[in-house]
Amino acid sequence: MRIMAIDYGDARTGVAISDPTGLLAGYTTVIQSRKEGVVARLAKEHSVDELVMGFPRNMDGTEGPRAELYRAFAARLEEVCGLKPVLWDERRTTVEAHSILHASGKRMKQHKKTVDAVAATLILEGYLTFR
């Protein structure tokens, strides 16, 4: 069972897809768009069975100010893919992604290219651990 995690963003969307067993994070990429059709195409190409999408929550657990935007994207994604995304708490994933990239020796300017894919991987790993 392949699972796709999505880190939805303003300019870029990070994507991470599990291995066929659904146990490990595998393929990652950054899409330079927020179009659900591109995500749907990737899901089809990789035979994805389940979607999990980062969902913005405040530190106290309440929904963040962007929650409605994310719900709307998830609904459009469901229409296009036929898979209902699981909305997964994404608190601190971007902060952790920057930390990982910094620890690997990447400069802040280089983070922009991959931080969304790393954040999507963190979302996927958290979800896989939960399952």
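**Notebook: loop, sheet, helices, pocket**

I began with Ser 47, which is found in the loop between H1 and S4. I am working from a predicted model. I looked up the backbone of Ser 47 and read a phi near 50 degrees. That is a positive value in a residue other than glycine.

**The sheet**

Next I traced the strand order. I read S3-S2-S1-S4-S5, an open sheet of five strands with mixed pairing. Which strands form the edges? I found strand S3 (25–31) and strand S5 (86–89), each pairing on one side only. I also noted the twist, which averages 25 degrees from one strand to the next.

I reminded myself that strands of a sheet pair through backbone hydrogen bonds, either parallel or antiparallel. Then I checked two pairs.

I took S2, residues 13–18, with S3. These two pair in the antiparallel sense over six bridges. I picked out Ile 17 and found its bridge partner in S3 to be Tyr 27.

I then turned to S4 and S5. They run parallel, and four bridges join them. Here I saw Val 52 opposite Val 86 in S5. How does the chain get from S4 to S5? It crosses through H2, and I logged this β-α-β crossover as right-handed.

**Helices on the sheet**

I looked at H1 (residues 36–45) first. H1 lies across strand S1 (2–7), S2, S3 and strand S4 (48–55). I noted that H1 runs at about 155 degrees to S3.

H2 (residues 67–81) came next. H2 packs on the sheet and touches S1, S4 and S5. Its direction makes about 170 degrees with that of S4.

**The largest pocket**

Last, I went to the largest pocket. I noted a volume of about 180 Å³. I counted 14 residues in its lining. Which of them lie nearest the centre? I listed Asp 7, Tyr 8, Tyr 70, Glu 90 and Thr 94.

I sorted the lining by residue class.

I then asked which helices each supply at least two lining residues. I found helix H3 (93–103) and helix H4 (108–130). H3 gives the largest share of the lining, three residues.

Terms used: Residues are numbered from 1 along each chain as its sequence is written. This is a predicted model: local features need pLDDT of at least 70, side-chain atom pairs count only at pLDDT 80 or more; totals for chains, interfaces and linings use all residues. Side-chain values use heavy atoms; hydrogens and water are left out. On a 1 Å grid over the protein atoms alone, a cavity is a set of points where a 1.4 Å probe fits but cannot get out, and a pocket is an open set with protein on both sides within 12 Å along at least five of seven lines; lining residues have an atom within 4 Å of a point. Grid points are joined across faces, edges and corners, and a volume is the space filled by probe spheres set on the points. Two strands pair if DSSP finds at least two bridges between them. Axes are lines fitted to C-alpha atoms, for helices over the stretch in contact, and angles run from 0 to 180 degrees between N-to-C directions. Contact means heavy atoms within 4.5 Å. A crossover is right-handed if, with the strands pointing away from the viewer, the path from the first strand over the helix to the second runs clockwise.
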